[in-house]
Amino acid sequence: MAAESDLARLLAGLTPVLDIHPYGFALLPHGQALPAGLEPFGLLREAEGLTVIAMLDDLAAAGIAAEGRWARITMMVHSALEAVGMTAAMATALTQAGISANVVAAYHHDHVFVPWDRRDEAVAVLRALG
């Protein structure tokens, strides 16, 4: 399946899917290895350390303190990495609803992390974009 870059088709095909598990964001100092057995959803290296995005229960089991309680919503449309406007449209819609959004783009899909207690509302907002 080819990646989509047309904004109208991207928004029509968003198909947001809510993960049932809460996620957390954590920061590991440079040089600290990931605990054995931890399977993070995402890793991002910054000047301040390694940001780890993982299921909240997995972070707790690994003894890593997490920031917040987040819901992961995956857009099932296969968005092209060079697509223009999808992130802005999602962020604008969520902003208008007063919902914080942290977007992580991967090779096939975009994922939006929203506050856990606003997850159902966020899915409805994203579905309305289609």
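Trp 70 is buried, with a relative accessible area of 15%. In this text, buried means under 20% relative accessible area, exposed means over 50%, and partly exposed is in between, using a 1.4 Å probe and protein chains only. Before we go on, keep in mind that this is a predicted model: local features need pLDDT of at least 70, side-chain atom pairs count only at pLDDT 80 or more, and totals for chains, interfaces and linings use all residues. Residues are numbered from 1 along each chain as its sequence is written, and side-chain values use heavy atoms, with hydrogens and water left out.

Now, which rings go with Trp 70? Ring pairs link Tyr 23, Phe 25, Phe 41, Trp 70 and Phe 113 into a cluster. Rings of Phe, Tyr and Trp (its six-membered ring) pair if their centres lie within 6.5 Å; planes under 30 degrees apart count as stacked, over 60 as edge-to-face and the rest as tilted. By this rule there are five aromatic pairs. Take Tyr 23 and Phe 113: their ring centres are 5.7 Å apart and their planes are at 70°, so this pair is edge-to-face. Tyr 23 sits in strand β1 and Phe 113 in strand β6 (residues 110–115), so the pair ties together parts that are 90 residues apart in sequence. Both Tyr 23 and Phe 113 are buried.

Back to Trp 70, then. Phe 25 and Trp 70 form another edge-to-face pair, at 5.9 Å centre to centre with 75° between the planes. Since Phe 25 belongs to strand β1 and Trp 70 to strand β4 (residues 67–75), this pair ties together parts that are 45 residues apart in sequence. Phe 25 is buried too, with a relative accessible area of 18%.

Let's step back to the whole chain. You'll find four helices and six strands in it. Both are DSSP runs, numbered from the N terminus: helices are H or I with at least four residues, strands are E with at least two. Starting at the N terminus, the order is α-β-β-β-α-β-α-β-β-α. The radius of gyration is 15 Å, close to the 14 Å that the globule rule gives for 130 residues, so the chain is as compact as a globular protein of that length. That radius is taken over C-alpha atoms, and the globule rule is 2.2 Å times the number of residues to the power 0.38. Along its principal axes, the C-alpha trace spans about 45 × 30 × 25 Å.

How much of the chain is tucked away? Buried residues make up 39% of the 130 residues. As for contacts (heavy atoms within 4.5 Å), residues 24 or more positions apart account for 69% of those with a separation of 6 or more.

Two other spots deserve a look. Thr 15 has a positive phi of about 45° although it is not a glycine. You'll find Thr 15 in the loop between α1 (7–12) and β1 (16–28), and at 47% relative accessibility it counts as partly exposed.

The other spot is Leu 43, which lies in strand β2 (residues 42–46). Leu 43 is partly exposed, with a relative accessible area of 43%. Leaving aside residues up to four places away in sequence, Leu 43 touches Leu 34, Leu 50, Thr 51 and Val 52. Leu 43 and Gly 68 are 25 residues apart along the chain, and their C-alpha atoms are separated by 17 Å.
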